[in-house]
Amino acid sequence: MDAWNKYQERFFLRLESKENWTEFDGKALMMGHLLETSGTSAKVCVWKDCSKNALNGLAICELHAFNEMNIKK
C-alpha cells in the first residue's frame, strides 16, 4: 500500500491468486479511475511530446497527472 494520504481514495480488489501478491501493480487501475472520474477535455496535454487529451480542469493528461504530479483523484 502507498503511504497514508488523507486526500487519497483507497480501493480493495480481489486478486486471482495469493502467489506474488506483493508484486501486483495497480497503477493502471488507479489511472483508469482518475480518467473515469475526471473525464477529458478537448485540450491537449501541455507536457512535452504528449498528444493525449488533458483531464477536465487540468492542463495535463491522466498519465502525467498521476506519475508526475501525484494526483490520485
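No disulfides are found in a search of the whole structure, which is a predicted model. A disulfide is a covalent bond between the sulfur atoms of two cysteines. The cut-off for such a pair is 2.5 Å between the sulfur atoms. For C45, the closest cysteine sulfur belongs to C50 and lies 3.8 Å away, so the two are too far apart for a bond. C45 is buried, because its relative accessible area is 5%. C61 is likewise buried, at 0% relative accessibility.

One salt bridge is present in the structure. Side chains of opposite charge can pair when their charged atoms come close. Here the partners are E62 and K52, with their closest N and O atoms 2.5 Å apart. The pair links distant parts of the chain, ten residues apart. E62 belongs to helix 2, which spans residues 62–67. K52 sits in the loop between strand 1 (40–44) and strand 2 (53–55). E62 counts as buried because its relative accessibility is 10%. K52 has a relative accessibility of 36%, so K52 counts as partly exposed.

A nonpolar patch lies on the surface. Its members are L13, L15, W21, F24 and L29. Together they have about 510 Å² of accessible area. One of them, W21, is found in the segment before helix 1 (27–38). W21 is exposed, because its relative accessible area is 55% and the cut-off for exposed residues is over 50%.

Key
Residues are numbered from 1 along each chain as its sequence is written. This is a predicted model: local features need pLDDT of at least 70, side-chain atom pairs count only at pLDDT 80 or more; totals for chains, interfaces and linings use all residues. Side-chain values use heavy atoms; hydrogens and water are left out. A salt bridge is a side-chain nitrogen of Lys or Arg within 4 Å of a carboxyl oxygen of Asp or Glu. Helices (H or I, at least four residues) and strands (E, at least two) are DSSP runs, numbered from the N terminus. Buried means under 20% relative accessible area, exposed over 50%, partly exposed in between (1.4 Å probe, protein chains only). Patches are made of residues with over 30% relative accessible area and no salt bridge: like charges are joined within 9 Å, nonpolar side chains (Val, Leu, Ile, Met, Phe, Trp, Tyr) within 5 Å. Accessible areas come from the Shrake-Rupley method with a 1.4 Å probe; for residues, only the protein chains shown count as cover.
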